[in-house]
Amino acid sequence: MTGPAPMMSSRDIRRSRAISRGSLFLRPLGNRTQTFGTACVLIGLGSAVYFQSHADPAISGNGVTTLLGLLFGCAMFLAGLAVAGDRIPAAWVQTEPRASVDATDLAPKTVGELAARSVGARNPSRQSAPRKVSQRLLAVSAALGAATFVLCGGNKFTALNVAVWCASVLTFVWASWERDRKVTPFQWAASGLELFSPERWQSNLQTGRPSDPRQTGRWRPQDGIRLTPMALIVVSLLVAGALVLTWRVGEVPREMTSDHAEKLLDVQDVLDGRYRIFFPRNTGREAMQFYLIALMTPLAGVSYLTMKLGTVLVGFFTLPFTFLFVRTVSGTGVAILALSLEVAMRWLLQVSRVGLRFPFPPAFGAAIAYFLFKCLRDRHRNDFLLLGLVIGIAQHTYTALRLVPLGVAVSLVIAYVMDRRRPGREEQASRLLADTVLMVAASALVFMPLARYAAEEPQMFLFRGMSRLASDQVNAVPPNALLVFVQNIVNALLFFNWRGDSVWVNTIPGVPILDSLSGGLFVLGVSWSLYSLVRHRDVRQLHVGIFLFFAMLPSIMSVAYPGENPSTVRMGAAIPIVALLMATALHAVLARLWLWVGVAPPNPASLAVQSVTIGSLLKAQKSSSNIGFGPLLVGVFAIAVIGSIWKSNLEAYFTAYPAQHTLSSQHASRFGDVIKGFEAFGGLRDDAFILPGSYWVDWRLMAIEAGDIKWRPIIENVAAARTHDGRPGKRLYIVHPEDRTSLDQLRQWYPQSTFTVAAFPETMGQPLFVTVEVPPGALAVSR
């Protein structure tokens, strides 16, 4: 028999603890492959960020140095990942339509699952036997679509043609929609209403804890109200995104441009009852923004603030759709990183808060990308229908989105060809073709009113886009068009890391759209995407590249005006793709760090694709006896990286951008402040006037800033001031400071007037305007 174990002395206990602490830091050095791979990845990241931070087009020879440095960083990054055997995380595990455990006969566990069941998103059994399309309802839908085309003549929405239009779309969707007959949308809606039943809550809570709906066969409200840690992170990031988008929205940017005046005049037309399908003012604009802002005018009237609130709302939807899109491509871990990088992205802030139509490309680009990749992965008909509806709606938003459907078509053609080339995939290819036809039909029905306008006014409908391609003369062909197009591609590629947009309204002129750390991650993400496509035949990366190119194409196509390329706003649909590529690189670094510190990765043989994700490492950490140093290190590193990116972007947007924006603007708000001050001291708005001046201020902006878009303060010349003689109230004239002739004339006619020179810090102390206040009842003195 063995005796009891000897007692350890306090000295032995201290020595044991020291050895344990030492092994925590020495463990990463034990696996040479992991250590070498991690070192290469970190060196690659550091090199990319370093050379990106020192990129400066103004320095001769800096471009070559930056390029070589970025290539070296990419080479080290890829070498480390290749040595370690890492791959891009895959939510898209196989090229077959995604299959899961058939839970059709089980009660749905949450409201989300119940909704998903009703639309067929989690019923893979229908892959082999899809519900047939109702031919009769399709015929009705086609007839209603034709009636919509006929009734939408004259570029006018009416109650009748809108009702017929909506009926055609709804009938088509109802005829084509795949739904689980066991759980209809009506049953889902009725079950969701149980959330508001106090009696149901009371009876459920008396049991002490929620029951398992898979045992009872019934869903109960509290079963659907569960937030996992991942869900809490996503919700927190969305709230942070909303706060960033709305923070100081009335101040940054402060000033409008003439484009804002044109848009608000269109909004006023809507409020006055002119419901156009396409608004021809200012070379033509799609209608959605004007109707959206008109709906929001009760918040702040017909004003710049209302415009910005509307575009901020549109820009916000980029965030959830980017998360859904990236999760579809690369899983939840990468999606959370993409969302965290996008929350404070200067690019998204600039296009969302300027008040114009610019947030529509990122918002609809993210939505189109999400449904496209769901179509490619799951091959569910409902996803094709939703994709068609989103594409159709997008055509009513911004001209730049007209080219995105071409990218969708290319991806679907590639998927069809790949299916046809694989043995036994003929039926799948046929279904893909049929669902694509339904997608096109859905988008065509949504597009129908614009199709009628395009048929009636083709030159106006195409003018905005074709003028960028072939100058203002639509039929003209610019010289050396092919060479300019190639150069535009190069300039568009340099947009992210070297030289940005030059338009001060939308960005900081000449500065790359990505900060140094984001630019480094983007380059590494692009390199890994290309490597995965070539080395591992990862078809996801092919579709990502196609979507990125067609998202950049609206800017690249500016052949007649190459100075407008790269364009921050026309390339906005690339924002979710850029976030994906940045998050992919960051996820690779975090996963490599986690593995390096000693957490055993999951067995690759158990994975359909040999990739390591943060989620799989978390599961391994829970079942591992290792000290939790890995999550701590990864968490600190991730917070440091994301925090640094947030800091750089927020400082650039809220400090550098408004400073240069204010310096370059017309300072219309200062004119509006003068009018408001004049009214505050007893003057009437109709007694305030502005004289014309060269390269000065748009008087329409002054009217908007003063609070009345219909007010017309402009007078033809100084002689018109005498027609106001004898008015009982005081008068105010605003004159250009260099218009000495008008100032001298007013001083001669009204010698008792008060002349005030207005200069402001944003004008560098230079006079912006001169106000002339004429006393009540004053008459011109003739000499």
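The model is predicted, and local features require a pLDDT of at least 70, side-chain atom pairs count only at pLDDT 80 or more, and totals for chains, interfaces and linings use all residues. Residues are numbered from 1 along each chain as its sequence is written, and side-chain values rest on heavy atoms, with hydrogens and water left out.

The protein has a mean pLDDT (the predictor's confidence in each residue, from 0 to 100) of 84, and 79% of its residues reach 70 or more. Over residues 93-129 the pLDDT stays under 50, and the model has 92 contacts (heavy atoms within 4.5 Å) for this stretch beyond four places in sequence. Residues 192-219 also have a pLDDT below 50, with 48 contacts in the model beyond near neighbours in sequence. Where pLDDT is low, the predicted coordinates should not be read in detail.

The secondary structure comprises 31 helices and 6 strands, taken as DSSP runs numbered from the N terminus (helices H or I, at least four residues; strands E, at least two). Of the 783 residues, 51% count as buried, that is, under 20% relative accessible area, against over 50% for exposed and in between for partly exposed (1.4 Å probe, protein chains only). Among contacts with a separation of 6 or more, 76% join residues 24 or more positions apart.

Helix α25 covers residues 539-556. Its 18 residues should span 26 Å at 1.5 Å a residue, the expected span being 1.5 Å times one less than the number of residues; the end C-alpha atoms are 25 Å apart, which agrees. Because 15 of these 18 residues are buried, α25 is largely enclosed by the rest of the structure.

Helix α20 (residues 404-421) packs against α25, and the two axes come within 8 Å and cross at roughly 155°; axes are lines fitted to C-alpha atoms, for helices over the stretch in contact, with angles from 0 to 180 degrees between N-to-C directions. The two helices are therefore roughly antiparallel (over 145 degrees). Residues of α20 including Val404, Leu406, Val410 and Ile414 meet a set in α25 that includes Val539, Leu542, Ile546 and Phe550.

Glycine 777 lies in the segment after β6 (767-774) and, at 37% relative accessibility, counts as partly exposed. Leaving aside residues up to four places away in sequence, glycine 777 touches Gly726, Arg727, Pro728 and Gly729.

Note on methods:
Parallel < 35°, antiparallel > 145°, perpendicular 65-115°, else oblique.
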